[in-house]
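Try each task before you read its solution.

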Amino acid sequence: MNKAIEDIQKESLEEIDNAKDLKELDSITVKYTGKKGFITSFSKNLSNLPSEERPAAGKKVNEVRTAFESALAEKIVSIKREIEEADTGIDVSLPGVRPAQGALHPVTIITREICSIFSSMGFNIAEGPEVETDYYNFEALNFPHNHPAREMQDTYYVSENILLRTHTSPMQARVMEKEKPPLKYIVPGKVYRCDSDITHTPMFHQVEGLMVDENISFGDLKGVLTSFIHQIFDEDTSLRFRPSFFPFTEPSAEVDIRCVICRGKGCRVCSQTGWLEILGSGMVHPGVFEYAGYDTEVITGFAFGMGVERIAMLKYGIDDIRKYYENDIRFLGQF
Ligand code: PHE
């Protein structure tokens with residue numbers, strides 16, 4: 001009995017292993033576990049055995065049946081998978097390929113964040129032309145005719161009087177020409193300068209700010225910019241206003257923040273000074289108001305301009321501005 005059932009076990013498992021398709025498996029099933037199948041008849045014949053042999057033989061038959069059924073089930077799965085692969089040419093057992101997901105560019109993320117902070121303070125958002133006239137880019141902003149920024153080495157000229165704007169400040173002149181105070185505007189956009197190294201790209205982004213009304217003071221400028229810096233960096237970022245010069249603001253100030261990398265101790269990023277320059281600002285020069293036709297006796301205002309790439313570099317710890325424009329998905333996908 002034992003020898004016979006063991007032979008059947010061996011043969012049946014071999015047959016399953018060699019089966020080519022589901023039809024073959026069907027007949028193997030009938031042959032062994034069908035009504036008159038070999039394994040079935042062993043079960044039926046148990047009652048003919050002497051009673052002392054019955055338990056051991058019963059156990060053996062059950063083992064053989066279990067081994068048969070699990071081998072059969074496995075073989076069915078593997079044949080089905082082969083069929084599927086042959087149909088579709090796809091190996092369904094391979095891990096899936098994740099579709100590439102789009103993400104916002106870090107410059108877009110920071111531009112939106114800057115705009116949303118100023119919107120919450122009541123500033124309107126405006127945009128203006130990147131191809132600009134000499135009048136709005138320089139003339140109406142009080143630049144003298146011999147100002148170095150007007151040189152061909154610094155500015156991309158389209159023709160004698162048409163150029164790619166070198167800053168977003170021309171929008172100050174455009175907005176004031178159209179509207180009367182009070183006004184509060186924020187202007188995001190691309191600007192262009194003939195410059196290229198690890199901290200400069202020929203095209204970069206700025207956000208301009210302008211607030212004009214009666215009785216606007218330097219205190220308002222400090223309040224608005226302090227609140228902005230505490231929101232875009234963090235609450236305890238200290239800042240300082242350093243005297244500076246722009247033809248279209250008087251007085252002018254550059255705003256520095258405590259180095260976000262070393263917290264003021266001095267490092268490579270802040271050139272050991274503990275401070276980082278992040279924007280230019282000042283009280284709107286009366287000469288600019290005159291171009292707009294405002295009464296310089298009652299109207300005052302402030303303006304500021306910041307580089308978006310620079311703010312994003314500081315926030316995210318990016319060390320080379322050119323990374324923004326190399327279009328490497330591994331870099332761009334991180335934000
Ligand atoms: N336009 C200046 C620049 O590009 C920044 C600035 C804007 C300064 C507004 C003062 C007021 O450097």
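A charge sits over a ring if NZ of Lys or CZ of Arg is within 6 Å of the ring centre and within 35 degrees of the ring normal. Keep that handy for the first exercise. Some ground rules: this is a predicted model, where local features need pLDDT of at least 70, side-chain atom pairs count only at pLDDT 80 or more, and totals for chains, interfaces and linings use all residues. Residues are numbered from 1 along each chain as its sequence is written, and side-chain values use heavy atoms, with hydrogens and water left out.

**Exercise 1. Find what R174 lies over, and which side chain it contacts.**

Step 1: Look at the ring of Y136. R174 lies over its face, 4.1 Å from the ring centre.

Step 2: Now follow the side chain of R174 to the side chain of E132, where there's a polar contact of 2.8 Å. (A polar contact is a pair of N or O atoms within 3.5 Å; within protein, one must be able to donate a hydrogen and the other to accept it, and residues adjacent in sequence count only if both atoms are side-chain atoms.)

Step 3: (Helices, H or I, of at least four residues and strands, E, of at least two are DSSP runs, numbered from the N terminus.)

Step 4: Check the cover. E132 has 2% relative accessibility, so it counts as buried. (Buried means under 20% relative accessible area, exposed over 50%, partly exposed in between, with a 1.4 Å probe and protein chains only.)

**Exercise 2. Work out how the rings of Y32 and F38 are arranged.**

Step 1: Get the rule. Rings of Phe, Tyr and Trp (its six-membered ring) pair if their centres lie within 6.5 Å; planes under 30 degrees apart count as stacked, over 60 as edge-to-face and the rest as tilted.

Step 2: Count the pairs. The structure holds 17 aromatic pairs.

Step 3: Apply the rule. Y32 and F38 are 5.7 Å apart, centre to centre, with 65 degrees between the planes, which makes the pair edge-to-face.

Step 4: Compare the cover of the two. Y32 is buried at 0% relative accessible area, while F38 is partly exposed at 39%.

Step 5: Y135 is partly exposed at 31%, and Y136 is buried at 13%.

**Exercise 3. Say which residues join F304 in a ring cluster, and where F304 sits.**

Step 1: Trace the ring pairs. They link F304 with F118, F123, F228 and F302.

Step 2: Locate F304. It's in strand β9, and at 2% relative accessibility it counts as buried.

**Exercise 4. Which polar side-chain atoms lie by the ligand's nitrogen and oxygen atoms?**

Step 1: Start with nitrogen. A ligand nitrogen is 2.9 Å from an N or O atom in the side chain of S169.

Step 2: Go on to oxygen. A polar side-chain atom of R193 lies 2.9 Å from a ligand oxygen, and an N or O atom in the side chain of Q206 is 3.0 Å from a ligand oxygen.

Step 3: See which elements give two or more residues to the shell: β5 (203-214), β8 (275-284) and β9 (299-307). The largest share, three residues, comes from β9.
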